Amino acid sequence: MAKPERLEAGHPYPLGATWDGLGANFAVFSAYAERIDLCVFDPSGRREIATMTLPECTDEVWHGYLPNAHLGLIYGFRAYGPYEPENGHRFNPNKLLLDPYARQIAGQVQWSDALFGYRVASGRADLSFDRRDSAIAMPKAVLVDDSFTWGDDRPPQVPWSDTVIYEAHVRGISMLREDVLPHQRGTFAALAHPAFIEHLQRIGVTALELLPVHAFVQDRHLVSKGLRNYWGYNTLGFFAPEPRYLSSGDRNEFKVAVRRLHAAGIEVILDVVYNHTAEGSELGPTFNFRGLDNRSYYRLVRDDPRYCVNDTGTGNTLNLSHPRVLQMVMDSLRYWVTQYHIDGFRFDLGVTLGREDHGFDPGSGFFDALRQDPVLSRVKLISEPWDIGPGGYQLGHHPPGFAEWNDRFRDTVRRYWRGDGGQRADLAARLSGSGDIFDRRARRPWASVNYASSHDGFTLKDVVAYAERHNEANGEDNRDGHSENYSANWGAEGESEEASIRDQRSRLQRAMLATVFLSHGTPMLLAGDEFGRTQKGNNNAYCQDNEISWVDWSLLETAEGEMLASFVAQLAKARHDHPILRCRSFLYGDAEPAPGIRDISWFDENAGPLSSDDWNKGDAHLLTLRRAACGNDGTASVMTLMLNATDAPRDFRIPPPLPVILMLDSADPGAPEQLVEGETVTLAPRSMVLLRGRVVGAAS
């Protein structure tokens, strides 16, 4: 490309860099900038070969058109304006800025004090001004074209009530897979591997939920300690995939993986981080948003805008109350749906996204924009319903159309199976879809995402192997991570060769997995929990890009791992084959699918009804749940779940109807289905069974 003398006027929309075959339009928002320059670099990204001022500003969008711009052009911006931190302004044209709409990023952050808008060592801190050029240390944006041949790809559109989520990390899920080519391990390409897809199908997964794949930064304090930002919750760009996840550097690699997962009937959900950015607090670096328009992009302390509001615990909070910031988030979400065919999103710290000046609001601009959007309102939307700001715990208070991670389910399941007292009533509510939390505004049971473990905390195996966290490798003196995990080690901290301990732990893992899959709501499985993955007691492995976090697939080849995976497959099949186990509506026992058989009923171990006192007994560790639904053949299907959280075998009397088929026994996962002789079933310690019955003459 010949060096142009100047830019043409161009257009204020679309934002970002748009190639039209003859050149490229550049558009970037800034309400307070006085001038913005486009900086073009050589192919190495190291030498700035042209600097041109964007000639027009329309509705606070600076824009210009570069004739003859070619695909692959590497560029950045510099923004001129007031450097007045006390007023919220931090313009510094010495700092190269990444395009907020960059769809591909070249290079990585090379940590240097030059990346900061102020002199780091100055006694005036961020009130000082740094004149060093940051370009050499900054990643740059790449001009790209989004064309891709999708063929007949269609979103699987799995109904929420049929959904089974598998939470995984792009890198961690394949780094130890020997059947994947070495250069493809830890990348999007590995997600398309037939063996991985077949495994997901075997265990009944319908949706693969990926930890953040947006381009993110390796935190300076982690790099200095030889650690990595493994999880990726430190976003640099909301439109670009993380470069390290591309084995060939081609963004289409991710699209191919989505295409193949869709062909297998599996949806793809992205964990996204729109609550904060990688720029940290007011003492953080200047990568893009801070230098373009700090006062617009971030929530600042009302009476002292020098400082960022920190509802996220990361140093800053994106200002989604600003229409241009909200537009950027909506554009990003829509981009991933339309260009990558993504099927849904899990919003990290979702409460932050719903904050207005007065606090969390389920009618906030963010939620309203999502719910009315013709593209985004049709995909799966999941929120992490908390942040660290005032009133930050909002489980159950999101608007219709959202599912929410239900940590009440996680904690109750762990406590019940650990043998804690007073859990029976709460467990009953969790088993029945947490209607006490979600049954409002015509929401459905699927709004509760049920899990026993997730990336944030112990793996399932570690829940039954460690009484305390063991995060020493994180370099924070074992002070990080949750202090209360509702876990127990059952006789030895960590790995044990003692048969009785191993048996106890195996039974508890199966019991908790069965609780997840057989409860009303949306089950979520943490990758590797289906064959006993461990993180050696680390419950905050955010910085462990190594064997601590990577999924060890060799465990699946062990007898114990294969048995657990087969049991998970059984659970998923039972849930799929029997709609009553994934009911679309909340049940309250006010309907009779068959005479004398209510849609949901609770019993003690003697098949007797539970009184108020029974529900609240501190030493009550036994429970029977019966659910029933009318079939299309004049019969009612009845599914009975029995739970024994004691350390001794217990006899349970079977409530009507009889006879019943024993479908699943968590204590004997390999047993075939069998007719139960008599009126009682003996449950092994820390186990549960699922019984199937049928009533002829169902109510019409």
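Helix axes are here lines fitted to C-alpha atoms over the stretch in contact, and the angles between N-to-C directions run from 0 to 180 degrees. In this predicted model, the axes of helix H6 (residues 323–340) and helix H8 (residues 365–372) come within 11 Å and cross at roughly 35°. The model also contains an open sheet formed by six strands, and helices H10 and H14 lie across strands of that sheet.

**Helix H6 and helix H8**

- The crossing in which H6 passes H8 is right-handed.
- On the H6 side, the contact involves Leu-326, Val-329, Met-330 and Leu-333; these residues meet Gly-365, Phe-366, Ala-369 and Leu-370 of H8.
- Classified by residue type, this contact of H6 with H8 comprises seven nonpolar residues and one polar residue, with no charged residues.

**The six-stranded sheet**

- The strands follow the order S24-S25-S26-S31-S28-S29, and their pairing is antiparallel.
- Strand S24 (600–603) and strand S29 (674–675) form the edges, each pairing on one side only.
- Within the sheet, strand S28 (residues 661–665) is joined to strand S31 (residues 687–696) by four bridges in the antiparallel sense.
- Ile-661 has Arg-692 in S31 as its bridge partner.

**Helices lying across the sheet**

- Helix H10 (residues 424–431) lies across S24, strand S25 (622–630) and strand S26 (635–644); its direction is at about 25° to S25.
- Helix H14 (residues 559–577) lies across S28 and S31, and runs at about 135° to S28.

Terms used:
Residues numbered from 1 in each chain as written. Predicted model: local features only at pLDDT ≥ 70, side-chain atom pairs only at ≥ 80, totals over all residues. Heavy atoms only, no water. Pairing = 2+ DSSP bridges. Helix = DSSP H or I, 4+ residues; strand = E, 2+ residues; numbered from the N terminus. Contact = heavy atoms within 4.5 Å. Left-handed = near helix turned anticlockwise from the far one by under 90°. Nonpolar A, V, L, I, M, F, W, Y, C, P; charged D, E, K, R; others polar.
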